[in-house]
Amino acid sequence: MAEASRTLLFSYGTLKQGHQNHFLMQDLIRKKDANFLGPYVTHQCHPFVIGPHGIPYLINLLGCGHRVKGELYSVSAQGLVRVDELESTSIGHYERLPIQVCEEGKDSVLVEAQGYFAHRSFGEKLWERKGKVGLAEFGDKEGKE
């Protein structure tokens, strides 16, 4: 379990291991501002699409889409400020919201975490533009686009 001063953060896109923004998570781990907890998956289905410029977006519409695979981190308050900055939460790119996840293969144990969702000002419209068809995982193919 995470310390009281830490936030459990679910990463499903470019912050994951092997992807372009993972450098930030590596830096946070090096500075003891984050710990990698392992592979996790969303408890409920969410739309997950690749938007303009190859940017992955989880959309806050429960029951649509797929259970999305990602990684769980425990992040300090200082580390969370840096991730929020990267995810442009202050200008409405993403918003950090609660999400229930479970360790892959252990669906009976739910974990309350936070994740970055497409901002409500465009998320649902993006899902509709994508024909309400999404992904379950941001993999190597999507990361290279």
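Modeller: One term comes up at once: an angle over 145 degrees between two axes counts as roughly antiparallel. Keep in mind that this is a predicted model.

Colleague: How are α1 and α2 oriented to each other?

Modeller: Helix α1 spans residues 22-30 and helix α2 residues 77-86, and their axes come within 11 Å. The axes cross at roughly 170°. Angles over 145 degrees fall in one class, so α1 and α2 are roughly antiparallel.

Colleague: Which residues of α2 meet α1, and how many residues of the contact are nonpolar?

Modeller: From α1, the contact uses Phe23, Leu24, Met25, Asp27 and Leu28. Their partners in α2 are Gly79, Arg82, Val83 and Leu86. By class, the contact has 2 charged residues, 1 polar and, as the number you asked for, 6 nonpolar.

Colleague: Where is the residue that UniProt annotates as "active site", and is Glu87 buried or exposed?

Modeller: The annotation, from an unreviewed UniProt entry, covers Glu87. Glu87 is found in the loop between α2 and β6 (94-103). Its relative accessible area is 10%. The cut-off for buried is under 20%, so Glu87 is buried.

Colleague: Which residues does Glu87 touch, leaving out those up to four places away in sequence?

Modeller: Sequence neighbours up to four places away are not counted here. With those set aside, Glu87 touches Leu15, His93, Tyr94 and Tyr116.

Colleague: Why does Thr7 count as buried, and which residues does Thr7 touch?

Modeller: Thr7 sits in strand β1, residues 6-11. It counts as buried because its relative accessibility is 17%. Not counting residues up to four places away in sequence, Thr7 touches Tyr73, Ser74, Val75, Leu80 and Gln114.

Colleague: How many disulfides does a search of the whole structure find?

Modeller: A disulfide needs two cysteine sulfur atoms within 2.5 Å. The search of the whole structure gives 0. For Cys45, the nearest cysteine sulfur is that of Cys64, 8.7 Å away. For Cys102, the nearest is that of Cys45, at 11 Å.

Colleague: Is Cys102 buried or exposed?

Modeller: Cys45 counts as partly exposed, at 26% relative accessibility. Cys102 has a relative accessible area of 0%, so Cys102 is buried.

Note on methods: Residues are numbered from 1 along each chain as its sequence is written. This is a predicted model: local features need pLDDT of at least 70, side-chain atom pairs count only at pLDDT 80 or more; totals for chains, interfaces and linings use all residues. Side-chain values use heavy atoms; hydrogens and water are left out. Helices (H or I, at least four residues) and strands (E, at least two) are DSSP runs, numbered from the N terminus. Buried means under 20% relative accessible area, exposed over 50%, partly exposed in between (1.4 Å probe, protein chains only). Contact means heavy atoms within 4.5 Å. Axes are lines fitted to C-alpha atoms, for helices over the stretch in contact, and angles run from 0 to 180 degrees between N-to-C directions. Angles under 35 degrees count as roughly parallel, over 145 as roughly antiparallel, 65 to 115 as roughly perpendicular and the rest as oblique. Ala, Val, Leu, Ile, Met, Phe, Trp, Tyr, Cys and Pro count as nonpolar, Asp, Glu, Lys and Arg as charged, and the others, Gly among them, as polar. UniProt positions are given in the numbering used here, feature names are shortened, and annotations may be inferred rather than shown by experiment.
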